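Reader: Could you take me through one part of this model closely, namely the sheet and the helices that lie across it?

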Amino acid sequence: MNEEVIAASATEPEVPAARRRRAAVGVTAVSAVLVALTIWARHGAQPDAATLTLDIAVGALGCALTPLLMWRPVTGALGLAVLAALSPAVTPPATLAVLQVAQRRRLPVAVAVAATGVAAHAVQGLWQPNSGLSYGWWLVLITAGYGGLVGWGALARAHRALVMSLRERARRAETEQGRRVAEARMAERTRIAREMHDVLAHRLSLLATYAGALEYRPDSPPERLAQAAGVVRTGVHQALEELREVILVLRDEDAAEEAARVAGRSPVLADVPALVEESRGAGVRARLRDEAADPENLPAAVSRTAYRVVQEGLTNARKHAPGRPVEVELSGRPGEGLAVTVTNPVGGADDGSGADGANGANGADGGAGAAGATGATGVTGHSDARAVGGGRGAAPAEAQRAAAQAAAAVGSGTGLVGLTERVHLAGGVLDHGLHGDRFRLHARLPWPA
């Protein structure tokens, strides 16, 4: 009995108890009608008291046993088969029982129950023969009937299993779709964070450097303060423009990249010299060695990634090693790959390092640099943060520390993590870490021939 319950749970869908009770009532009612019709057909013309009593008693017992088919179909079918061997009145519920077993159990079980039913009717035909047919033909009809019921039930069971399978597949597909949507949202958030960092961190760190110089020397001449404030205003405007570009890319990446390419605003490898000059304008002693052959033919994705590597390296050097020289090296050719390397000594500059200008000359005012250097403007259109220093010869190391603290406040500290992912997406490899007393950021990117 317990084994049958376990088999039912493995092969049947869960049916509510109320629905199962309603089905039992319906099957019992149909069986009672069929039993009554069978008894009436057998004894309507020449009733035999003993046989009639036996048929009524066995038929009533069969009707009482029929509800068991809803919970224990195999047990109920075997019990009805035994009763069918005693009286033809139980033949209708016995055949219904075989159909129930075929619909709810595996085919071998249904065949075994059907064979039991055929054997029971074979016994019935021996001691209560059918007057209209010979025993052989009657047994053939019984066997064919049981076989048809088994086939019908097996087909219904297969159809139900198919429907259940399709529903399960639909449920899984819906769940998978939900998971893919969640992953897509997470990937989009990651992409937004990476784009925001790449585009804005460099610009905001430059603004923080100028703001640090303003904070350190509030007593500078008014024209110098106005000049530095103008630089901050221009930088904020540029940061807003770049933020608009990022939002455009996130809305429609393909269209935005095409528009940016046509407008010449998408950062590529050819923009690295301007990026280095911009850092020099903020007091970074940066040196560029460009040995990349034919950079115009570099794939757009690789070219943008190389630009981001240099941008991240200069930003980190300005934050964590103010006043120290930074070396940027580009090398490679089609078929060999592109190598991008940014190196700088570890730690901030000492007190004597501030005497060197970003362009290798002392400034006319002798002022302290925001990044530990004095001198003229390093790039056309960018006011040098060193101009805020005034003419009092303030200590360069203190100015460097103030500017470095302001620049270090910008960013989340996860730039290298996002940069590593960006390089990997471009098919390259990124390596960063200490090499002796220098920090080295090195990226190797593919460059098809």
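**The sheet and its helices**

Author: In this predicted model, β4 and strand β5 (residues 438-445) pair in the antiparallel sense over 7 bridges, where two strands count as paired if DSSP finds at least two bridges between them, and where strands (E, at least two residues) and helices (H or I, at least four) are DSSP runs numbered from the N terminus. Within this part, Leu-434 stands opposite Phe-439 in β5. Residues are numbered from 1 along each chain as its sequence is written. Because the model is predicted, local features need pLDDT of at least 70 and side-chain atom pairs count only at pLDDT 80 or more, while totals for chains, interfaces and linings use all residues, and side-chain values use heavy atoms, with hydrogens and water left out.

The pair β4 and β5 belongs to an open sheet of 5 strands, which has mixed pairing and the order β1-β2-β3-β5-β4. At its edges stand β1 (286-292) and β4 (429-435), each with a single partner strand, so one side of each is left without a neighbour in the sheet. From one strand to the next, the twist averages 10°, angles being taken from 0 to 180 degrees between N-to-C directions, with axes as lines fitted to C-alpha atoms, for helices over the stretch in contact.

Two helices lie across these strands. Helix α10 (residues 272-281) lies across β1 and β2 (326-333) and runs at about 170° to β1, whereas helix α11 (residues 300-320) lies across β1, β2, β3 (337-345) and β5, running at about 5° to β3.

Note on methods
Contact = heavy atoms within 4.5 Å.
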